[in-house]
Amino acid sequence: MIKLSLALLLFAFASFAQGSKSDSVFKKQIEEYNTSFANAFIKGNQGDLVKAYTDKTIFMPEHSRQRVGSKTILDFYKQWLSQAKITTYERKILDLQDFGNYVLEIGTFAETLNLNEQNPFSYVGKYAVLWKKPSNRSLPPTIAAEIWGSSSYFDDKKIPEIDDTAILKIKEYIPTDKLTLEVKERNNKIKELVQNRQGAEHAKMFMTDAMYLTYYTPILSGEKEITDYFAEHEKPGTLSIDKISILTSEIIYARTAIIEFGFYSVDWRDGDNHGNVKGKSINVWKKDNNGTLLLFRQIVNHD
């Protein structure tokens, strides 16, 4: 029995070491990609910018509509580079989550750009990239989805204006299986809480170790930061929500998480002021010890 326990211990240690080695290799691949992307972005090498994208990649740029596929993503970068000179660009990885067949990378970025020969603008924010692991380990990973947003409010006239007229409208994913229906039910609950300005209750839709990347805000980590944000952002007051929709465009079932791609529309009113805000999100759902589906990571930006 002692020999068996020792053998199991050695096997567990070996598995852990192998897993750590695998994680280390994968992180190095991502870091190398980020360096390569930065160099291509600064030099304007458009082909090198899209080498990790596929015809199924979901691309969610800030202040622009969702695009799908490397062809439309390349069009985005062509428009960006035709209007702006990129002088510096850097990404720093803060968090890597391995979901078995996918890895979620979260980090910060800093970009200095000069739009139409105006004064340089420092575009600073956070990002998330969902990497798909290759079935053949000799092949590089590919990007399944990407999203980013500024860490503070800014005038979007300081970044390139992207023509999205040729981009197809997002279609709603119609759930049929039980788990996806559960995601839809959770979204309906969030919609109700937002409309009723119940921010503290909204925060309870997140896991205690969650991360929330929302528009014009630094990364929020953990229960306290997320609760404080929602309690303030969605508190009762003069602002009201006339209409809100929260819909799903696609679902990826990773081995240890449900990855939902969402889009929303909000009609708001505050006294004589009113307007509409549209946006998109990547929502990573997991179940807690009680079997309740909660948000583990959420990344949101405005169209």
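Asp-228 counts as partly exposed because its relative accessibility is 41%; the label covers values between buried (under 20% relative accessible area) and exposed (over 50%), with a 1.4 Å probe and protein chains only. The areas themselves come from the Shrake-Rupley method. This is a predicted model, in which local features need pLDDT of at least 70 and side-chain atom pairs count only at pLDDT 80 or more, while totals for chains, interfaces and linings use all residues. Residues are numbered from 1 along each chain as its sequence is written, and side-chain values use heavy atoms, with hydrogens and water left out.

Asp-228 has a partner, Lys-224, in a salt bridge, meaning a side-chain nitrogen of Lys or Arg within 4 Å of a carboxyl oxygen of Asp or Glu. Both residues sit in helix α6 (residues 222-233), four residues apart, about one turn of the helix. Helices here are DSSP runs (H or I, at least four residues) and strands likewise (E, at least two), numbered from the N terminus. Lys-224 is exposed, as its relative accessible area is 62%.

How many salt bridges are there by this rule? The count is twelve, and here are three of them:

| Pair | Closest N and O atoms |
|---|---|
| Lys-224 and Asp-228 | 2.7 Å |
| Lys-133 and Asp-98 | 2.9 Å |
| Asp-242 and Arg-269 | 3.2 Å |

Lys-133 is in the loop between β5 (121-132) and β6, and Asp-98 is in strand β3 (residues 84-98), so this pair ties together parts that are 35 residues apart in sequence. Lys-133 is partly exposed at 26%, and Asp-98 is partly exposed at 35%.

Asp-242 and Arg-269 form another of the salt bridges. This pair links distant parts of the chain, with Asp-242 in strand β9 (residues 239-253) and Arg-269 in strand β10 (residues 258-270), 27 residues apart.

Now for a buried residue. Leu-115, in strand β4 (residues 102-115), is buried at 5% relative accessibility. Beyond its neighbours within four places in sequence, Leu-115 is in contact (heavy atoms within 4.5 Å) with residues including Gln-83, Lys-157 and Pro-160. The C-alpha atoms of Leu-115 and Glu-161 are 9.9 Å apart, although 46 residues separate them along the chain.

Glu-161 also belongs to a negative surface patch with Asp-155, Asp-156 and Asp-163. Asp-163 lies in the loop between β6 (142-150) and α4 (178-195). Patch members have over 30% relative accessible area and no salt bridge, and like charges are joined within 9 Å; Asp and Glu count as negative.

Definitions and conventions:
Patch = residues over 30% accessible without salt bridge, like charges linked within 9 Å, V, L, I, M, F, W, Y side chains within 5 Å. Areas by Shrake-Rupley, 256 points an atom, 1.4 Å probe, with all protein chains shown as cover. Charge placed at Lys NZ, Arg CZ, Asp CG, Glu CD.
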